[in-house]
Amino acid sequence: MITFAEFEFSWEDGVKALLIGLGIFIFTYLIYPPIIKWLKKKRWVGYDIHKVDRPETAESGGIGLTFGLIVGLILIGIFFPQLWMEVIVFLITVIAAALIGLYDDQNRLSSMKKILLMVVAGIPIFIFNYFEIIDISSPAMPILGRLRALVWVYPVVIPVIIAITTNTVNMLE
């Protein structure tokens, strides 16, 4: 199992990370009601097709999650400056995916276009890794350790992973 020490993190860093995560959860939880109210006021609404009475729901609710992620990433960059480049690259990816999602909410992209655009949103991670600005060539898993078998595969499939996760988040909305 990988410990914080192997990542050059102390237990204090673990506590900071936990507090950042908790703070982001609380921030995101608190900003959702005003965002939903604002979206409904702007008439950015759809209908919940999974309920019998099809209640009106706000569209573009991912804005709240995006704000939470942006604030969280900035806090991570401040409290863990050694991760600043990774934070910037992930911020680029999150903002690109959010803009694509916002456009899709308003203009309805086809499934294929949406998936391809989300793959494009993940390309900055691949590019920054390729030019060795960040290093994702050997991902670490808490129980398994460093996954050396994926050294060549992992950086190439990152854009696909981004497309899958963003599509999953979109479906949860």
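I take buried to mean under 20% relative accessible area, exposed over 50%, and partly exposed in between, with a 1.4 Å probe and protein chains only. By that scale I noted Trp44 as partly exposed at 26% relative accessibility, and Trp38 as partly exposed too, with a relative accessible area of 41%.

The model is predicted, so I kept local features to pLDDT of at least 70 and side-chain atom pairs to pLDDT 80 or more, while totals for chains, interfaces and linings use all residues. Residues are numbered from 1 along each chain as its sequence is written, and side-chain values use heavy atoms, with hydrogens and water left out.

I then searched the whole structure for aromatic pairs (rings of Phe, Tyr and Trp, the last by its six-membered ring, with centres within 6.5 Å; planes under 30 degrees apart are stacked, over 60 edge-to-face, the rest tilted), and the search gave four. Phe25 and Tyr29 are stacked, because their ring centres lie 6.1 Å apart and their planes stand at 20 degrees. Both residues belong to helix α1 (residues 11–41), four residues apart, or about one turn of the helix, and both Phe25 and Tyr29 are exposed. Trp38 and Trp44 form an edge-to-face pair, since their centres are 5.7 Å apart and their planes are at 75 degrees. I also found Phe126, Tyr130 and Phe131 linked into a cluster by ring pairs.

Last, I looked up the chain as a whole: of its 173 residues, 32% count as buried.

Note on methods: Helices (H or I, at least four residues) and strands (E, at least two) are DSSP runs, numbered from the N terminus.
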